[in-house]
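Please have a look at the structure first.

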Amino acid sequence: MSKLRILYVASEINPFLKTSDVADFVRKLPQAMQERGMEIRILVPRFGLINERKNRLHEVVRLSGINIAVGDEEKPLIIKVASIPTAKLQVYFIDNEDYFQRKYVFHDKENRFYDDNDERAIFFCKGVLETVKKLGWAPDIVHCNDWMTALIPLYLKTTYKNDPMFKDTKSVFTVYNNSFDHRFEGDIIEKARMMDIDDSMLAELKTADFQGFIRIGCAYADAVVRAEEETSESLNAILNDLPGHKLDATEEEDVTERYFNLYTQLAG
C-alpha cells in the first residue's frame with residue numbers, strides 16, 4: 001500500500017501561533033502520523049501575530065497569484081512556507097493583506113470580534129483547496145480542525161468532487177470548544193457559494209454564527225471528532241445527532257492509534 005497522504009488544515013499551529021488547544025493538536029498529530037509512514041502537508045492562515053523573519057517564512061511564488069472569490073469580491077491569495085525546526089514538517093501559510101495582516105487573530109485590541117471573520121474563514125477554506133491543486137498533491141484525507149475550516153468538507157463534496165486531485169479524498173472534521181457569540185451580517189450564503197453549490201446545500205449556514213459553521217462541517221465531513229470531553233449544550237446537540245463515523249478523542253491514551261485507524265479505514 002502506498003503512503004497515505006494526510007492534509008491538516010487549522011487556524012493555528014505551534015510554534016508559530018497558539019491561542020487554543022488546536023495549536024498543540026495540529027503540532028503533535030501530524031508528526032506522529034509522519035513517523036508512522038504517512039505523507040503530511042499542513043495549511044494554516046498567516047495571521048499578523050506570526051513573525052515572518054523570526055519564523056523564516058518565505059513566499060512560494062509558484063503557488064501565489066490566484067484570486068479567491070468571496071461573494072462579489074476577488075482577493076489575491078499569497079502562499080508562504082516555513083519548517084517546524086524540531087520536525088521534518090513543512091507548514092504552508094494562506095495570506096492576504098486585507099484579511100490576515102492584522103496585529104490580532106479573531107478579536108481587535110478592544111476584544112471585539114472582527115465583523116469579517118466569516119469572510120476570512122471562507123477565503124481560507126477556498127484558498128486551501130486551490131493551493132493543494134497548485135501543489136499537485138492529491139490528499140487521501142483532509143483533516144479539518146475547528147470552525148474556521150468547516151466549509152472544506154462541503155466544497156470537497158460539491159465543487160471539487162470531480163477534480164482529479166480530490167476525487168477520492170475523504171474529510172475529517174474535529175470540533176473544539178472555541179465558540180463565539182457573534183452573528184455575522186450580510187449574505188453569508190452568497191459569500192460561501194461556489195460552483196455546483198445551490199443555496200439548499202448551505203442552509204446550515206443561515207444562522208450566520210458559530211453553530212452554523214459547526215453544523216455545516218459536521219453535515220458534509222466523512223467523519224466527525226469530538227476533541228474535548230466537555231462540550232457546550234449546543235455542541236452536544238449537534239454532535240449527538242450525527243449519523244455515521246464519529247470518534248471521541250478525549251482520552252489521552254491511544255489517540256494516535258485511533259486516528260491512524262480512522263484514516264486507514266476512511267481511505268479504504
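Is Phe-184 buried or exposed? Phe-184 has a relative accessibility of 4%, so this residue counts as buried; the cut-offs are under 20% relative accessible area for buried, over 50% for exposed and partly exposed in between, with a 1.4 Å probe and protein chains only.

A word on the ground rules: this is a predicted model, in which local features need pLDDT of at least 70 and side-chain atom pairs count only at pLDDT 80 or more, while totals for chains, interfaces and linings use all residues. Residues are numbered from 1 along each chain as its sequence is written, and side-chain values use heavy atoms, with hydrogens and water left out.

The aromatic pairs come to 19, counting rings of Phe, Tyr and Trp (its six-membered ring) with centres within 6.5 Å; planes under 30 degrees apart are stacked, over 60 edge-to-face and the rest tilted. Phe-113 and Phe-180 are stacked, because their ring centres are 4.5 Å apart and their planes lie at 25°. Phe-113 belongs to the loop between helix H3 (97-100) and helix H4 (117-135), and Phe-180 to the loop between strand S8 (170-175) and helix H6 (188-192), so the pair links distant parts of the chain, 67 residues apart. Helices (H or I, at least four residues) and strands (E, at least two) are DSSP runs, numbered from the N terminus.

Phe-184 pairs edge-to-face with Phe-213, at 6.1 Å centre to centre and 80° between the planes. Since Phe-184 is in the loop between S8 and H6 and Phe-213 in helix H7 (residues 210-220), this pair ties together parts 29 residues apart in sequence.

Here is the accessibility of the other three partners:

| Residue | Relative accessible area | Class |
|---|---|---|
| Phe-113 | 13% | buried |
| Phe-180 | 10% | buried |
| Phe-213 | 1% | buried |

One aromatic cluster includes Phe-113, Phe-180, Phe-184 and Phe-213, along with Tyr-99, Phe-106 and Trp-147 among its members. The charged end of Lys-75 sits over the ring of Tyr-99, 5.2 Å from the centre; the rule asks for NZ of Lys or CZ of Arg within 6 Å of the ring centre and within 35 degrees of the ring normal.
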